[in-house]
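Let's take a friendly walk through one protein model together. Have a look at the structure first, and then read on.

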Amino acid sequence: TSLTEPDSKTIREMMIVSPDRRYLSIPQFTKWANNIEQLKDEATWAHIFENLYKLSNHFKLIQHQYKIFTMIATSRYMRYKMKIENSHECPHCLTGTTENLQHIYLDCPITHNFYKGIEHFIKEKIDREFISSKFYQLSVSHQNAAINYIYLVANWYVGRKFQYGKKLYWDEFYKYLKIMQVGEKAAITVVFQEILTT
């Protein structure tokens, strides 16, 4: 870890201890802000982290989302730097395309097509007026808790599949969405009980 990019523990301490949290002083958050305009606002980041741990009872979903924000979730580029992988390139894309977190969640055509399916599902099952955006996808901070939950599970699923160099399949994601209902908050399971059976 370099001096300019603090590790996850340092970031967590900065966020918890500091009474005046300045998220955009942390390089990882600035990188996301450079990709998504809405994330250039300190108050938006504060809102995201105030609500993150309320989204689900499943800690692995929350933990993975936190790792995305702090850019310590795994990617081929990270594993290449650690000498675990022989290449930093995305196996789904043209030669020379680096598979980092920005590529996985924002730029990869494979991911883009998958999230288009998520958008269709949300419009069909939850909100016909829903307007998708990379901001809602990445920040899981929509005003509708069910939409946030779908993106939370989707982000975890995408990360898991990319870790093993596998393709994304809607039926498989749908299966995980159902599995994750076990032990979930009642407010979530009530909403999805009807959605996942129709």
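## A loop, some charged pairs and a pocket

Gln 181 sits in the loop between helix H10 (170-179) and helix H11 (186-195). Helices here are DSSP runs of H or I with at least four residues, numbered from the N terminus. This is a predicted model, in which local features need pLDDT of at least 70 and side-chain atom pairs count only at pLDDT 80 or more, while totals for chains, interfaces and linings use all residues. Residues are numbered from 1 along each chain as its sequence is written, and side-chain values use heavy atoms, with hydrogens and water left out.

Is Gln 181 buried or exposed? With a relative accessibility of 15%, Gln 181 counts as buried, where buried means under 20% relative accessible area, exposed over 50%, and partly exposed in between (1.4 Å probe, protein chains only). If we set aside neighbours within four places in sequence, Gln 181 is in contact (heavy atoms within 4.5 Å) with Tyr 149, Ile 188, Thr 189, Phe 192 and Leu 196.

Next come the charged pairs. A salt bridge is a side-chain nitrogen of Lys or Arg within 4 Å of a carboxyl oxygen of Asp or Glu. By this rule, the model has six salt bridges, including those in the table.

| Salt bridge | N to O distance |
|---|---|
| Lys 40 and Glu 37 | 3.3 Å |
| Arg 76 and Glu 85 | 3.5 Å |
| Glu 119 and Lys 116 | 3.2 Å |

Glu 119 counts as buried at 12% relative accessibility, whereas Lys 116 is partly exposed at 42%. Glu 119 and Lys 116 are three residues apart in helix H7 (residues 109-125), so about one helical turn separates them.

Finally, let's visit a pocket. On a 1 Å grid over the protein atoms alone, a pocket is an open set of points where a 1.4 Å probe fits, with protein on both sides within 12 Å along at least five of seven lines; lining residues have an atom within 4 Å of a point. The second largest pocket holds about 250 Å³ of space. Among its lining residues are Lys 60, His 64, Trp 156 and Tyr 164. Helix H4 (59-69) and helix H9 (145-163) are the elements that each give two or more residues to this lining.

Methods:
Points joined across faces, edges and corners; volume = space filled by probe spheres on them.
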